[in-house]
Amino acid sequence: MLRATPALVLSLMVAVAHAQLGLQGVRVPLPLPQPLRLPAPQAPLLDRTLQGVDLQSATDALERARQLQVRNLIRGNRTTLEADPAGAAMVRNEIVALSPSDADLALIQTAGFSVLGVRTLDGLDMRLVILQAPQGMSTVQALVRVRALVPAGSFDFNHIYGESGTASVEATGSEPAQVAATEQTAALPRTRLGLIDGGIDDAHSVFKDLILHRHGCGAVRVPSAHGTAVASLMVGRSAEFHGAAPGAELYAGDVYCGIPTGGSVEAVTEAMAWLVHERVAVMNVSLVGPPNVILEAVVRNVISRGFIIVAAVGNDGPAAAPLYPASYPGVIGVTAVDARRHILVEAARGPQVRFAAPGADMVAAKSPQGFAAVRGTSFAAPLVACLLAAQLREPDAVLAARAISDLAGHAVDLGAHGLDPVYGYGLVAADLGPDIRLAGLHAR
């Protein structure tokens, strides 16, 4: 068997990273299958492919590719975006304050800051205040200044969070077999699912007659490839296609709305608060970005109230720095495997990984009426969210912990025994990845 050269592997990984930054029926198994431990598999694809390649070097290549995409995003929107000191994208001249007192806010305004907006986070007893830096003061200087004025306050940049996967069309020429909904699926109580992502193209046939609650963008609908794909993997259903929870009720928060500042901390946290207000117990966030004290505080608040946040761990490589929100304590970080149960070469590793799920060699809905092959941790996370939502109908901290523990007990342990940094507790939702043979075909 030919061995891949280090140069070839690095070239492949960079190409994957570039694609991922552009931009996936089947029923939830109830009860979950009995615990299963397989014999130790062959060395994972990552380990075999990267023979002779330093993992840090490979990760550096992936991270450089993503940084290039971030720079291109900023370059195309210089009036609204800029890079923070670590190179992450953020909204220019804006600082986010979390629940400042009236006295502290008055002090900040006296220093020359103006208030651009206030968002009340219903259900979380929090509010976001968006501050504009004084004229002539850089965004970095502004953050230093407000933190000096109110040392006990919570302030940070209005960072931008991006998608964590890609979709591409590859015609296969094969006609898939039809899959009809089973009586068991039809009889299940309706599951409610939360999604924080881009907009959904609800004109696609897989969303016909489904209950979709939308949030964000005012009265304007701005469908996105990523949001449509992830939503289809959760609730989509048609003659040939089923998501992991076909026909479930979906609460979808669009945090992008087709604007340059889409995916901001302000938009993501407000969408989380909306889902809390609607009491949607499990929410999927297939977005990644830098650490941010505002986002961290909101995530901590949401989880403390008995909600489950499921998030993609990201595709910056096996030795990459942690990405967020997946790496915050209590968040269920999800990695991705291919059809052979090998970890994706680009998938992040670390203590943030809780579960692995299919994230390649499968398809999702693609506008206007087709299906596309998908790849990335973005598309593994929604499958895990569906499994957890089937067990947690209402937010409850005790029941949430039990649902996570039960899922861990039914995971297929593919890596080191127990919780490990590659597969987490192991593989779940192994049979929930829609058939790759649908790629490039027209939906019926």
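Predicted model: local features only at pLDDT ≥ 70, side-chain atom pairs only at ≥ 80, totals over all residues.
## Helices H10 and H11

The crossing of H10 past H11 is right-handed.

Which residues make the contact? H10 supplies Val384, Leu387, Leu388 and Gln391. H11 supplies Ala403, Ile404 and Leu407. Six of these contact residues are nonpolar, one is polar and none is charged.

## Helices H8 and H9

H8 spans residues 265-277, and H9 spans residues 293-304. They pack at an angle of about 10°, and their axes are 10 Å apart. The two helices are therefore roughly parallel to each other, since angles under 35 degrees count as such.

On the H8 side, the contact uses Val265, Val268, Thr269, Met272 and Val276. They meet Ile294, Leu295, Val298, Val299 and Val302 of H9. The contact has nine nonpolar residues, one polar residue and no charged ones.

Strand E3 takes in residues 114-121, and strand E4 takes in residues 126-132. The strands run antiparallel, joined by seven bridges. Glycine 117 has isoleucine 130 in E4 as its bridge partner.

Together E3 and E4 form a hairpin. Four residues lie between the strands. In the turn, glycine 123 has a positive phi of about 90°.

Key:
Residues numbered from 1 in each chain as written. Heavy atoms only, no water. Left-handed = near helix turned anticlockwise from the far one by under 90°. Contact = heavy atoms within 4.5 Å. Nonpolar A, V, L, I, M, F, W, Y, C, P; charged D, E, K, R; others polar. Axes fitted to C-alpha atoms, helices over the stretch in contact; angles between N-to-C directions. Parallel < 35°, antiparallel > 145°, perpendicular 65-115°, else oblique. Pairing = 2+ DSSP bridges.
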